[in-house]
Each structure stands twice: as structure tokens, then as C-alpha cells.
Amino acid sequence: MKIIAIGRNYAEHIEELNNEQPSSPVVFLKPDTALLKNNAPFYHPEFSKNIHHEAELVLKVSKEGKYIQKQFSHRYFDEIGIGIDFTARDLQDQCKSKGLPWEIAKAFNNSAPIGGFLPVSEFKDLSDIDFHLLINGELRQKGNTSMMLFDFDSIIAYVSQFFTLKKGDLIFTGTPAGVGKVSIGDHLEGFIGDKKLLDFEVK
Ligand code: MG
């Protein structure tokens, strides 16, 4: 399986990192070794002094497809969860300043914790989904899918031009404002609506 991730999909997050608003989705990949499941602890890597949390809604791909037209995108995912796109911001800044690819900053081991998923049928309106992240019990990020620059269907149509989607692939759909550094001992809890789907510690 593969993990496809979208960057710069929420205006306020683009502003907090002083990035430009993209005219098409910013896409990157993480390998399957980035997955961290079952609320296992995240062991802070030694290569970074500034690992940021990016709480994101995650789509689970339900069948194979490529060149999916936007009006059919909804047929290609059947579950939505919440995950963290951990980012070594210090390494990413170095890569960006040299115009180099970001992989070491984004795709390292365990950089994609995921929690439980909810079936799409449980959502009344996919363009109005609230989600939030608590760290040590404090609200640190909250978003709503109405704030996305590129909605789920647009993302699937766009990325499937380049990458064949396969059943079980995951798509991280971008983070809202409020990203910040995590430290050893932090307790992260991710919610969609009032349902807690993700709950793990940084060790
Ligand atoms: Mg992200």
C-alpha cells in the first residue's frame, strides 16, 4: 500500500508557514513503513529537533482506479479517519531552502500515525466534517472540511492521474492551522466530531 499526502490545503495553515497558495494540490508520498497503528507510541527520532504535528483527515481507498473523474471520485473511498502527518520541520526547511525533495522530513519511519476509521455512510455531509487534535488535553488544531482548498473528490481526481489508487491506500488530505512542535511525553488525541479515533504518546 501507499500513502498519498496533500500539502497546503487549508488557507490559514499556508499563512502560518508563509507558503504560497497552490493552484493545484501539492502532493507527496509516504511509504508503508511510515504507518504507525493501534495507538502505538511515537518514538521521537534523533535526527530532528523540531517534529511538528499536522492533524489531518485520512481517506481509505476502497477500490483500484486511475484517471478517476471528479463526479465518480466518491466511489473510490469508503472510510474516513484521522491521522498525523509528522513533519521534521527543521529538515524540511533545509530541503526547501535548497530546492530539494522533502522525503526525509515527511516520509520517515512512523511519520504517519493513524487511528480508527468511520464508514463514509456515517457522515451526513462530507463538506462539513469537524475534526480536532488535543495535546495533553489542550485544543491545538481544529478544522472543518469546508475550509479545504481542494475537496476530497478534487484530490482523488487529481492524484489518480499520476498514481493508480489501490484498495487500502490512504490519502492524507492536509492540515488546518495550529501545527507545532511535539515533545517527549506529549499525549495526542485526534477526534472527528466528538468521536476519539486516535490516542497515543510521544516517547
Ligand atoms: Mg500535512
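The magnesium ion is coordinated at 2.0 to 2.1 Å by Glu 54 (OE), Glu 56 (OE) and Asp 85 (OD), where donors are N, O and S atoms within 2.8 Å of the metal (3.2 Å for Na, K and Ca) and, water not being among the atoms, sites may look incomplete. This is a predicted model, in which local features need pLDDT of at least 70 and side-chain atom pairs count only at pLDDT 80 or more, whereas totals for chains, interfaces and linings use all residues. Residues are numbered from 1 along each chain as its sequence is written, and side-chain values use heavy atoms, with hydrogens and water left out.

Along the chain, the donors of the magnesium ion follow the spacing E-x1-E-x28-D. Glu 54 is buried, with a relative accessible area of 4%, and Glu 56 is buried with 0%; buried means under 20% relative accessible area, exposed over 50%, and partly exposed in between (1.4 Å probe, protein chains only).

The two pockets below were found on a 1 Å grid over the protein atoms alone, a pocket being an open set of points where a 1.4 Å probe fits, with protein on both sides within 12 Å along at least five of seven lines, and lining residues having an atom within 4 Å of a point. A volume is the space filled by probe spheres set on the points, which are joined across faces, edges and corners.

| Pocket | Volume | Residues of the lining |
|---|---|---|
| Largest | about 240 Å³ | including Leu 118, Glu 122 and Lys 195 |
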